[in-house]
Amino acid sequence: MPRYDFRCRACGATFELRRPMAQANDPAVCPQGHQDTVKLLSTVAVTGAASAGGGCCG
């Protein structure tokens, strides 16, 4: 299940929620109970072994 990061505008807390993609833009309540939150842009790190040769760069 994807993880979404949020920040509370009232208290400044940042927190994460795991929820289905279908609920990605649903409102979130901060752990302190405030409802004025905003979803943050998440960065995704992708790691793995690159194959030698082929592709656009090799």
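Colleague: In which order do the 3 strands of the open sheet lie, and is the pairing parallel or antiparallel?

Modeller: First the general idea. Strands of a sheet pair through backbone hydrogen bonds, either parallel or antiparallel. Here the order is 2-1-3, and the pairing is antiparallel. Strands (E, at least two residues) and helices (H or I, at least four) are DSSP runs, numbered from the N terminus. Two strands count as paired if DSSP finds at least two bridges between them.

This is a predicted model: local features need pLDDT of at least 70, side-chain atom pairs count only at pLDDT 80 or more, and totals for chains, interfaces and linings use all residues. Residues are numbered from 1 along each chain as its sequence is written, and side-chain values use heavy atoms, with hydrogens and water left out.

Colleague: Which strands stand at the edges?

Modeller: Strand 2 (14-18) and strand 3 (37-39) do. Each has a single partner strand, so one side of each lacks a neighbour in the sheet. From one strand to the next, the twist averages 35 degrees. Axes are lines fitted to C-alpha atoms, for helices over the stretch in contact; angles run from 0 to 180 degrees between N-to-C directions.

Colleague: How many bridges join strand 1 and strand 2?

Modeller: Strand 1 (residues 3-8) pairs with strand 2 over 5 bridges, in the antiparallel sense. Look at R3: R18 in strand 2 stands opposite.

Colleague: Now the charges. How many salt bridges are there?

Modeller: Side chains of opposite charge can pair when their charged atoms come close. The rule asks for a side-chain nitrogen of Lys or Arg within 4 Å of a carboxyl oxygen of Asp or Glu. By this rule there are 4 salt bridges. In one of them, E16 meets R3 at 3.5 Å, N to O. E16 sits in strand 2 and R3 in strand 1, so the pair ties together parts 13 residues apart in sequence.

Colleague: Which residue forms a salt bridge with D36?

Modeller: R9 does, with the closest N and O atoms 3.7 Å apart. D36 is in the loop between strand 2 and strand 3, and R9 in the loop between strand 1 and strand 2, 27 residues apart.

Colleague: Which residues make up the network of salt bridges?

Modeller: R3, D5, E16 and R18. Within it, E16 and R18 pair with their closest N and O atoms 4.0 Å apart.
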